[in-house]
Structures are given as C-alpha cells and as structure tokens.
Amino acid sequence: MTQKSLIILLIFLAACKGFERETGSTVFTEKKEAEWITDARPLPESDSLFYLDHPAPLFRKEFEPGKNIRSARLYITAAGYYKVSVNGEAIEDNILDPAWTDFSKTIWYSEYDVTSLLADGPNCLGVTTGNGFYNPLPLLKWGRRNLRDDLTVGKPAFIAKLIISYNNGKTEEIVSDRSWKYAYGPVMKNCVYLGVLFDARKIIPGWDRAGFDDTSWQTAVPGVPPGGELKRSFFPPVRVTEEINPVKIYNPESGKYIADMGVNFTGTFRIRLTGNKGDTIVFRFGERVYDDGTLNPMTAVAGQIKRKGMGGPGAPDIAWQTDSYILAGEEEEWFTPDFTYHTYRYMEISGLGYQPGISDITGLFIHSDIPVPNHFSCSSGLLNSIQEITVRTFRANLVSVQSDCPAREKFGYGGDLNATAESFIYNLDMQSFYRKTIYDWVDAMNDSSFVDTAPYVGISYCGISWESAFIITQYYLYMYYNDTATIRKLYEQDLQWMDKAAKIHPEGMVHEGLSDHESLEPVPVELTGTCHYLQVARIMQTFASFMRDKENERKFEQLTQKLKSLVKTEFWDKPVAGKINRQTLFSTLLYHDIIPEDEIEAATDSLRAAIGKGPSGHLATGIFGTKYSLETLSEHGSPQEVFDIVNSTAYPGWGHMIDRGATTVWETWKESDNTYSNCHPMFGSVTEWFYRWLGGIRPVADAPGFKKFILAPLVPAGLDYVDCSYYSPYGEIVSNWKKEGPDGIRFEIKIPEGSTALVDMQTSPAQKTEILKDNKPLTTGIPEGLGTGKFKLTGGEYLITVRY
C-alpha cells in the first residue's frame with residue numbers, strides 16, 4: 001500500500017469512527033448500571049423564587065481500586081452543566097459541558113482518560129452540577145418569551161461511570177448511584193445569562209479528596225432522566241483557548257474600576273482579590289463604555305430586558321451580565337465563575353477597596369475548541385483587521401452551538417447559519433461541529449411548521465430561510481468535506497422535510513418569514529425565501545443523484561424549474577414596484593442563477609448601479625444580500641470594485657466598524673450603543689470573499705471535497721500581496737501571490753496530492769509566464785494553456801512568475 005493510499009484509508013476510517021459515535025451508547029447500562037442522581041431540594045414553585053439563592057450541590061464518591069491499573073476511563077454527562085474532579089484535580093477540558101441540546105432527545109456524554117489522576121489507596125470523584133440551559137431562570141426575553149416554557153427543563157442531574165481496567169484483564173466500575181453523598185457548596189446562584197454569585201465563606205476545603213469526613217452529608221437521590229438518548233460526543237469540547245491581559249485599568253467614578261481587556265470576546269475571567277470577610281465584589285460586563293469612561297452594558301443585556309417588570313416576577317430591572325463574589329477574608333483569594341459565560345471587552349469592578357493591578361486580572365476566552373488551520377493575510381492593514389475581528393467573532397459565537405450573539409440570546413439561528421457557514425468553513429475545521437448542528441436541527445424540527453433555531457427555543461416566525469439550514473448545512477459538509485455519510489443517514493428525513501415545505505408553500509412562492517434581515521432597505525420574503533426554497537430543491541437534486549434515486553431526482557429538477565420560473569417572472573421579467581433594496585434584488589437573482597445567460601450583463605449593470613446609489617457607493621444589504629453581492633459582483637462584474645468597497649473606512653462597511661474601534665463584527669451597519677450586539681457573525685461573510693477571490697480558492701460542485709477545485713486569485717490595484725491557505729480533505733492548499741516591481745507577479749501555489757487545481761491567472765498570451773515545480777524548472781509536462789493563464793495543476797509546490 002502506498003503512503004497516499006494509507007493516508008486516504010486512515011481518513012476514511014476516522015470518518016467512519018466519528019460517524020459510529022453519533023449513534024446511541026449503552027456504556028452507562030452495560031454490566032453495572034449507572035443512575036441519574038441529584039439532590040433532594042425541589043425546584044421553586046413560583047417564578048420569583050428562582051431568583052433566590054439556590055446553592056449548587058457538591059457530590060462525592062470515595063473508592064479504592066486494586067493494584068496494577070492499566071487504564072481508567074470516566075464517562076459522564078449531565079442535564080445542565082457539570083464540573084468533575086478526581087482527587088481534587090479538575091479535568092481541564094470540562095468547561096460548560098455537556099453541549100447544549102434538547103435534553104429530551106439527545107444528550108452528549110464525554111469520555112476522559114483519568115488513569116494518571118488515580119492514586120494508590122483511597123480515591124475520590126467529585127462532581128458539581130450547574131443549571132445551564134436545562135434549569136434556566138424564567139426570564140421573559142423581549143418581555144414575552146420564557147425559556148422555561150420553550151425548553152425541556154428540570155432539576156440538574158448527572159450520570160457517570162468510571163471503568164478501571166487492570167493488567168490481568170479484569171475491570172471494575174464505579175457508577176453514579178445512591179451511594180454518593182452531597183452537600184451544598186459556595187456557588188449560590190448560577191445562570192448562563194445573568195452570571196454567578198459565589199460565596200467564598202461557603203467553600204468546603206478538601207470535599208473532593210479521599211479521607212474527607214462526609215458523615216453529615218446527605219445521600220444522593222435518583223434524578224428524573226431528561227429523556228434524551230445518550231450519545232458519545234464527537235465534536236470539539238468547550239475550552240479556554242486564550243488568556244487575555246487587560247490593556248489598562250482605570251477609575252471612572254468613585255468605588256468603581258474598569259478593566260479594559262483590549263478586545264471583545266466570550267468567556268469569563270480569573271481575578272486575585274483581597275478584603276474583609278463578607279465584603280461583596282460585583283463584576284459587570286459590557287462591550288462598550290460611555291464617553292465618560294463608565295461601563296455601557298446595554299448591547300449585551302439578556303433578552304433586551306431593560307425596564308422594571310419586563311423580565312417577569314423576580315427578574316432584575318436590567319438583565320445585564322453580572323458576577324458577584326463574597327470574600328472569605330483570606331490574605332489572597334482567586335475567583336473564576338463556573339456555569340456561565342459573558343461577552344465583554346470591559347469589566348466593571350465595584351466593592352473592592354483598592355484598584356487592582358494588571359497582573360491581578362486575566363480574561364479567559366472560552367469557546368468550542370475548533371481547529372483554525374486556515375489562514376488569510378495581505379498587505380492591507382485594514383483587510384487584516386477585518387479578518388482578525390471576523391475570526392474572533394466566529395469563535396466567540398461557537399459555544400457548542402453557532403449563535404447569532406453570545407450574550408443577548410445565545411441561540412442557534414438557521415438564517416445566520418445559511419449566511420455564514422461557508423465563511424466559518426473557510427477559516428475553521430467545522431466538519432464535526434456542523435454534524436452536531438445538523439442533529440440539533442433534527443431534534444428541533446416538527447412535521448408541520450418551520451422553526452428558527454436549533455436547539456428550539458420557541459421562536460418560529462422566520463420561515464424557510466432559517467429552517468432550510470438543516471439541508472443547506474448538509475450540502476456544505478458534502479461540498480467542502482465530501483461528507484456523504486450524513487447524506488446517507490439523513491436522506492429519508494430530507495425527503496420528509498421537502499414534503500413539509502411543499503405543504504407549507506403549495507404554490508412554490510414563499511409569502512411568510514423574515515427576508516434580508518438588517519438590510520438598510522426593505523426586501524420582500526417572496527424573493528429571498530423562494531430562492532432559499534430553490535436552493536434546497538437544487539441540493540436535493542444532487543442528493544437524489546448521489547443516492548441513485550432517479551424518481552426524486554426528476555421530481556426536484558421539476559421543482560427547481562418551477563421555482564426558478566416563479567422568481568424570474570415576479571422579479572426579473574417585469575419592473576418591481578415599490579421600495580426594495582435593489583442591491584439584494586439583483587445579487588439574489590444572479591447568485592441563484594435566475595437570470596438567462598444573455599441577460600446576465602444587464603443584471604450585473606443593474607447591480608452596479610444599485611451599489612453606486614448606496615451610501616458611499618457601498619453595500620446596504622442584509623444577512624443574505626451581503627454574501628450574494630460580494631460573490632456576484634466579483635463573478636459577473638469586477639472584483640476590483642468589491643475590493644475598493646471592502647478596503648474602505650466609509651459607512652457602511654467593515655472598515656467603518658474598524659475605524660470606530662470595533663474588535664468584533666457588529667450586528668448592524670450602523671453603530672449601536674444600546675440595542676444591537678457588537679459581536680455578531682452575520683456580516684462576517686466578507687471573510688469568505690477573501691478566500692474565494694483574493695486567495696482564489698473555490699470548490700467545484702461536481703468534485704466535492706476539493707478533488708478538483710478552482711484556483712483563481714484576484715490581483716487588485718491597491719494590494720501588494722496575499723498569503724492564503726486552506727486545508728482540504730486532501731491536504732493543504734496554498735495560494736500566495738506578490739507583486740514584483742511594476743510589471744511582475746509571483747505566485748506560490750501548493751496543490752495537495754490526489755487533487756487537481758483548475759487555475760486561472762487572468763493573464764494574456766502577451767505576458768511571459770515561467771513555472772517551477774518543487775523548486776525545479778518544468779522541462780516536461782508543461783501545463784497546457786500556461787501561456788493563456790488557464791491550465792490545470794496536480795499535486796506539488798509551484799512557483800509561477802508572470803511578467804507583462
């Protein structure tokens with residue numbers, strides 16, 4: 001077997017292994033059965049009582065394993081969150097675990113190798129449970145939506161099994177059951193939105209170590225199983241991926257200090273404190289400060305709750321992000337909140353009798369630890385800043401679900417997924433995360449209507465452009481990773497989904513739902529919604545062909561033609577009456593191939609004219625129109641025009657955000673200091689344009705997984721070089737270029753073995769082209785068409801010089 005064949009086989013086996021793990025597991029019921037356990041305290045009987053102190057329980061179990069241990073593996077999950085330790089040593093990967101799901105349908109469990117944490121003699125397992133999304137506060141978001149009504153909720157509980165394997169082949173199992181003991185610890189309140197109250201006076205030293213006297217502790221009680229199927233997690237866990245030091249700490253008003261972390265991010269913090277026993281230190285968080293330097297928490301308020309009574313009985317008047325710490329009176333105390341995460345650049349500290357130092361505070365950037373193997377940078381400092389804040393925004397919105405904003409809602413909206421999934425994929429290895437996302441949609445959907453989020457949170461007004469993420473995300477997994485296993489597994493559900501869509505929209509035209517969200521001008525849902533319906537019809541043609549389902553392939557081809565004709569008749573063949581965002585109009589028609597070939601030039605001219613009439617000659621588009629405009633103006637018009645828009649600080653645009661001090665992407669083109677999130681991936685579709693056009697790396701529809709791909713880098717005026725790389729299933733693709741003097745361009749290209757690049761250098765026969773492969777001049781096998789700039793390259797590293 002060749003090395004190449006071996007690599008391909010290993011990739012295939014790894015994919016199969018990951019796919020197998022997505023099925024249900026019997027690990028908790030084999031041999032010695034584990035139980036869901038919890039504490040005896042009942043949930044509050046009325047909404048207002050949820051806001052009182054409810055200390056998180058601490059559970060412990062001592063055991064003494066035998067000698068000659070070969071391995072020890074811990075399997076654990078919870079309804080809510082959990083923290084686990086072995087002999088007082090916390091498991092590092094265990095943050096905000098398990099991943100958020102509909103706990104009545106799916107619960108992901110984690111597996112940890114804890115062999116090195118076991119000691120000779122007595123040992124101790126310690127577990128603390130938190131509320132997470134299973135026991136949320138009854139906050140009335142927007143004054144009307146109560147998560148306790150919309151989610152599967154209950155009292156936090158956990159299930160665990162420790163399997164100890166010995167050198168003699170025997171095994172021993174320690175399980176969660178009624179032999180565990182519990183007491184209440186120092187976490188007095190915990191809410192994934194509002195934060196944590198920690199009373200250090202309640203710390204119980206040594207509680208999670210062997211030898212602790214737990215005779216006064218209570219016996220754990222059986223918990224009510226949440227109902228979901230237990231499945232082994234196969235996607236990256238949530239971790240602390242970066243520690244961020246404050247750039248300054250200042251005192252804007254008496255008794256309050258502001259730590260400026262320099263960038264907006266999602267996570268928590270670590271702080272060193274000292275003070276009198278019983279003193280309460282309060283931390284509030286915000287993405288902004290006011291002109292006088294005081295904290296502005298308003299863009300990150302949970303559910304837009306900003307006035308008394310709006311959040312329901314017992315809720316705070318303003319639902320800002322807050323943590324509190326009650327000092328134990330020790331000489332030095334450290335605090336990091338668990339079971340919550342915030343979005344902030346600025347942290348306000350009150351109740352502290354001194355100004356903390358820079359070294360006292362560390363920001364902890366927390367998100368799903370998804371690899372970031374790909375890279376884009378260039379000679380434009382502005383574009384590099386846009387790329388930097390976009391990737392930071394993406395990572396901040398990946399805490400086991402891809403959220404629209406990580407503070408106000410934390411919800412996994414499908415429209416945002418449709419708009420930005422390719423942008424996420426171009427930067428991060430999203431394959432396993434997006435498979436988890438698709439299963440969230442399987443759990444969220446129903447048989448008769450569309451929902452907007454997965455997990456489902458009771459919101460269902462956005463329509464097909466949101467729930468179609470279920471199928472569109474499958475297609476992106478297929479296109480970018482050649483993930484056919486997901487198609488095979490979900491094909492029957494895909495067909496059922498298309499039947500549902502046909503019942504909801506029997507005439508084909510979509511009349512209800514949200515359209516180009518945050519467009520500066522109105523856009524009818526008949527345009528964007530029907531085009532998303534068209535997009536999934538085309539995708540289902542592809543899936544049916546892959547599954548060799550000729551009947552449905554013909555059916556979806558007919559549906560494609562019907563929807564295409566409906567849109568063309570309504571939005572191209574006749575003038576569109578009324579006010580409409582014509583940038584979104586023409587870019588949508590071009591993006592979804594509505595326009596006949598001989599009329600594309602006219603549509604492109606109309607798009608150009610619409611952009612020219614926009615503010616500053618810039619895009620005024622929303623969630624979908626921005627992606628469509630960047631792509632279609634580049635494909636059918638001039639990528640140079642797109643570059644000039646992106647590489648500008650004028651309003652509206654990404655450069656304007658940078659110019660106004662943004663360190664993450666805003667939810668709206670217009671700056672907001674009260675309502676809209678300052679950390680929102682929606683307009684991050686610009687990074688896709690960086691990879692697709694400045695780097696020129698694009699997949700080919702009939703060769704999924706980059707078996708073949710387009711390599712057509714744009715070399716615009718105003719840019720001197722680009723460094724771009726993307727890891728495909730076959731390996732790393734590199735597309736670097738640099739201008740050399742007034743008449744030359746040097747391209748550095750890497751094509752992974754097993755794939756073929758369809759290269760377009762956009763040169764002419766009048767230009768001189770030289771090519772080296774693996775640092776040697778090509779004397780034989782010179783690519784056909786090299787002189788024209790259009791040719792094919794197979795695996796290898798190339799240096800191509802073009803001179804005018």
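Biologist: Is the crossing of H5 and H7 left-handed or right-handed?
Modeller: The H5/H7 crossing is left-handed (the near helix is turned anticlockwise from the far one by less than a right angle). This is a predicted model, where local features need pLDDT of at least 70, side-chain atom pairs count only at pLDDT 80 or more, and totals for chains, interfaces and linings use all residues. Numbering starts from 1 along each chain as its sequence is written, and side-chain values use heavy atoms, without hydrogens or water.

Biologist: Which residues make the contact?
Modeller: On H5 they are Gln431, Tyr434, Arg435, Ile438, Trp441 and Val442. H7 brings Ala469, Phe470, Thr473, Gln474, Leu477 and Tyr481 (contact: heavy atoms within 4.5 Å).

Biologist: New topic: what's up with the bond from Asp97 to Pro98?
Modeller: That peptide bond is cis, omega near 5°. Pro98 sits in the loop between strand E5 (89-90) and strand E6 (106-113). Leu96 is also found between E5 and E6, and its phi is near 50°, a positive value in a non-glycine residue.

Biologist: And the bond from Tyr651 to Pro652, cis or trans?
Modeller: Cis, with omega near -5°. Pro652 is in the loop between helix H14 (639-646) and helix H15 (654-659).

Note on methods: Helices (H or I, at least four residues) and strands (E, at least two) are DSSP runs, numbered from the N terminus.
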